[in-house]
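Student: I have a structure open and I would like to learn how to read it. Can we go through some features together?

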Amino acid sequence: MKYSQATDYALHAMLYLVTAASDKPVGVQLLAEKLGVSQTYLSKMMTKLVKAGLIQSAPGANGGYRLRRKSEDISFLDIIHAIEGTASLFECSLDHGSECLIQQVVIDAERQMEQYLKNKKIADLAKTMKTE
């Protein structure tokens, strides 16, 4: 399974914001440099995280982004949904209704994966990084 490059950047940007753990906003230029992406592309992706209520933006010369919620409350699933949306990854293209056995298996797998990602907090990963 593959998720978009935007989601990959969002996860890394959020991890950076959590490890920075500062009340001072982190500028988009610094984030873009750390991630090795264009500021324009990163800004669009960060806007989605703002709209999802995960981070807040501060305008101005000393502006940037900082966490809006406690890092312990932000799951991988929250970040993925902010970028990818909440639509199902699996759709059976054959028209035989909800009784499709194949569809039932993949939907169950998706539920398990979502539960795992919901339980995985970005702060836990940041703690692991700090102890290494």
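Student: Which side-chain atom reaches towards the backbone at the start of α4?

Tutor: A side-chain oxygen of Ser75. It comes to within 3.3 Å of the backbone nitrogen of Leu77. Keep in mind that this is a predicted model.

Student: What happens just after α4?

Tutor: Look at the backbone angle there. Gly85 takes a positive phi of about 90°.

Student: Which residues of α4 are buried?

Tutor: Start with the general idea. An α-helix has 3.6 residues a turn, so residues three or four places apart point the same way. Now the case here. The buried residues of α4 are Phe76, Leu77, Ile79, Ile80, Ala82 and Ile83.

Student: What does His81 touch, beyond residues up to four places away in sequence?

Tutor: His81 touches Thr86 and Glu114. Now compare sequence with space. His81 and Thr7 are 74 residues apart in sequence. Their C-alpha atoms are 8.9 Å apart.

Student: At what angle do α4 and α5 pack?

Tutor: Picture an axis through each helix. Helix α5 covers residues 101-119. The two helices pack at an angle of about 115°, and their axes are 5 Å apart. That angle makes α4 roughly perpendicular to α5.

Student: Which residues meet there?

Tutor: Take one helix at a time. From α4 come Phe76, Leu77, Ile80 and His81. From α5 come Glu114, Leu117 and Lys118. This contact has four nonpolar residues, one polar and two charged.

Student: Are its two partners buried or partly exposed?

Tutor: Check each value. Asp78 has a relative accessible area of 26%, so it is partly exposed. Arg69 has 30%, so it is partly exposed.

Student: Where does Ser71 lie?

Tutor: Find the elements on either side. Ser71 lies in the loop between β2 (64-67) and α4 (76-84).

Student: Is Ser71 buried or exposed?

Tutor: Apply the cut-off again. Ser71 is buried, because its relative accessible area is 14%.

Student: What is around Ser71?

Tutor: Set aside residues up to four places away in sequence. Ser71 then touches Val18, Ile122 and Ala123. There is also a polar contact of 3.4 Å between the side chains of Ser71 and Glu72.

Student: Where is Tyr41 found?

Tutor: In helix α3, residues 39-51. Tyr41 is partly exposed, because its relative accessible area is 33%.

Student: Which residues is Tyr41 in contact with, leaving aside neighbours within four places in sequence?

Tutor: Gln5, Ala6 and Tyr9. Look at Ala6 in detail. The side chain of Tyr41 reaches the backbone nitrogen of Ala6 at 3.3 Å.

Student: And how are Tyr41 and Tyr9 placed?

Tutor: Along the chain they are 32 residues apart. Their C-alpha atoms are separated by 9.8 Å.

Student: How many helices and strands are in the protein chain?

Tutor: Count the elements. The chain has six helices and two strands. Read from the N terminus, the order is α-α-α-β-β-α-α-α.

Student: What does the C-alpha trace span?

Tutor: Take its principal axes. The C-alpha trace spans about 55 × 35 × 25 Å along them.

Student: What share of the residues is buried?

Tutor: The protein chain has 132 residues, and buried ones make up 33% of them.

Student: How do I read contacts across the whole chain?

Tutor: Ask how far apart the partners are in sequence. Consider contacts between residues at least 6 apart in sequence. Of these, 62% join residues at least 24 apart.

Note on methods: Residues are numbered from 1 along each chain as its sequence is written. This is a predicted model: local features need pLDDT of at least 70, side-chain atom pairs count only at pLDDT 80 or more; totals for chains, interfaces and linings use all residues. Side-chain values use heavy atoms; hydrogens and water are left out. Helices (H or I, at least four residues) and strands (E, at least two) are DSSP runs, numbered from the N terminus. Buried means under 20% relative accessible area, exposed over 50%, partly exposed in between (1.4 Å probe, protein chains only). A polar contact is a pair of N or O atoms within 3.5 Å; within protein, one must be able to donate a hydrogen and the other to accept it, and residues adjacent in sequence count only if both atoms are side-chain atoms. Contact means heavy atoms within 4.5 Å. Axes are lines fitted to C-alpha atoms, for helices over the stretch in contact, and angles run from 0 to 180 degrees between N-to-C directions. Angles under 35 degrees count as roughly parallel, over 145 as roughly antiparallel, 65 to 115 as roughly perpendicular and the rest as oblique. Ala, Val, Leu, Ile, Met, Phe, Trp, Tyr, Cys and Pro count as nonpolar, Asp, Glu, Lys and Arg as charged, and the others, Gly among them, as polar.
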